[in-house]
Amino acid sequence: MSSRPLSIDLVLVPVDQSEEATRAVRYAVAIAAKYDAAVHAVHVLGEDVVRAIEQGVVDQEAVAEDSKVVTDTVTDIAQEAGVPVTTSVAYGFSPTSKLRHPGSVVLDTAEEIDADFVVVPREPVSGDPGEVLAKAAEYVLLYASQPVLSA
């Protein structure tokens, strides 16, 4: 009989620019380290950024740089723990589909990458536009088929 009740190969952690997301990354990395697993971080872009991209009124290089800062933080934390990490970026909203929101993006990503465990940040309190995962945790907790930790 295994001493571990779960078999985890890949932990998904959605991230934005919040301190809560960074804390969630630390939990995701700790879980991955415990289970000899990898971490995948998906940077979820907010509604304002997505609309600006769609309308062509934002410098896409600036958006890419912001995403790189976010994913570099994840990479640094994972590397310190010796945990393999991959990253991606996803639109957290769609101007044409009300069904696309940060929670659905997290669940879709979990299915696409075959994640075994999800760590979501708790709702940020500042309301900063870069913090797009405020409502995602509740949605993910309700609908995920994987075990979920809200950190």
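Here are some notes on this predicted model, point by point.

1. Ground rules first: local features need pLDDT of at least 70 and side-chain atom pairs count only at pLDDT 80 or more, while totals for chains, interfaces and linings use all residues. Residues are numbered from 1 along each chain as its sequence is written, and side-chain values use heavy atoms, with hydrogens and water left out.

2. On the overall layout, the chain has 5 helices and 5 strands, and along the sequence they come in the pattern β-α-β-α-α-β-α-β-α-β. Both kinds of element are DSSP runs numbered from the N terminus: helices are H or I with at least four residues, strands are E with at least two.

3. Of the 151 residues in the chain, 44% are buried. Buried means under 20% relative accessible area, exposed means over 50%, and partly exposed is in between (1.4 Å probe, protein chains only). If you take the contacts between residues at least 6 apart in sequence, 77% of them join residues at least 24 apart; contact here means heavy atoms within 4.5 Å.

4. Which residues of the largest nonpolar core touch the most other members? They are V11, V13, V15, V39 and V119, out of 23 residues. Strand 1 (10-15), helix 1, strand 2 (38-45), helix 3 and strand 4 (117-120) each put in at least two residues, and helix 1 has the largest share, with 7 residues. A nonpolar core is a set of buried Ala, Val, Leu, Ile, Met, Phe, Trp, Tyr and Cys residues joined through side-chain atoms within 4.5 Å.

5. V39 deserves a look of its own. Leaving aside neighbours within four places in sequence, V39 is in contact with L10, V11, V13, A28, V29, A32, V83, P84, V85 and T86. There is also a second, separate core of 16 residues, with A90, A115, V120 and V140 among them.

6. Next, the helix pair. Helix 1 (residues 19-34) and helix 3 (residues 60-81) pack with axes 10 Å apart, at an angle of about 30°. The axes are lines fitted to C-alpha atoms, for helices over the stretch in contact, and angles run from 0 to 180 degrees between N-to-C directions. The two helices are therefore roughly parallel to each other, given that the label covers angles under 35 degrees, with over 145 roughly antiparallel, 65 to 115 roughly perpendicular and the rest oblique. The crossing is right-handed, that is, the near helix is turned clockwise from the far one by less than a right angle, anticlockwise being left-handed.

7. As for who meets whom there, T22, V25, R26 and V29 of helix 1 meet T73, V74, I77, A78 and A81 of helix 3. These residues divide into 6 nonpolar, 2 polar and 1 charged. In that count Ala, Val, Leu, Ile, Met, Phe, Trp, Tyr, Cys and Pro are nonpolar, Asp, Glu, Lys and Arg are charged, and the others, Gly among them, are polar.

8. L6 sits in the segment before strand 1 and counts as partly exposed, at 35% relative accessibility. Beyond residues up to four places away in sequence, L6 touches Y35, F117 and P147. L6 and P147 are 141 residues apart in sequence, with 9.3 Å between their C-alpha atoms.

9. Y35 itself lies in the loop between helix 1 and strand 2. At 17% relative accessibility, Y35 counts as buried.

10. Last, S104. Not counting residues up to four places away in sequence, S104 touches L99 and Y139.
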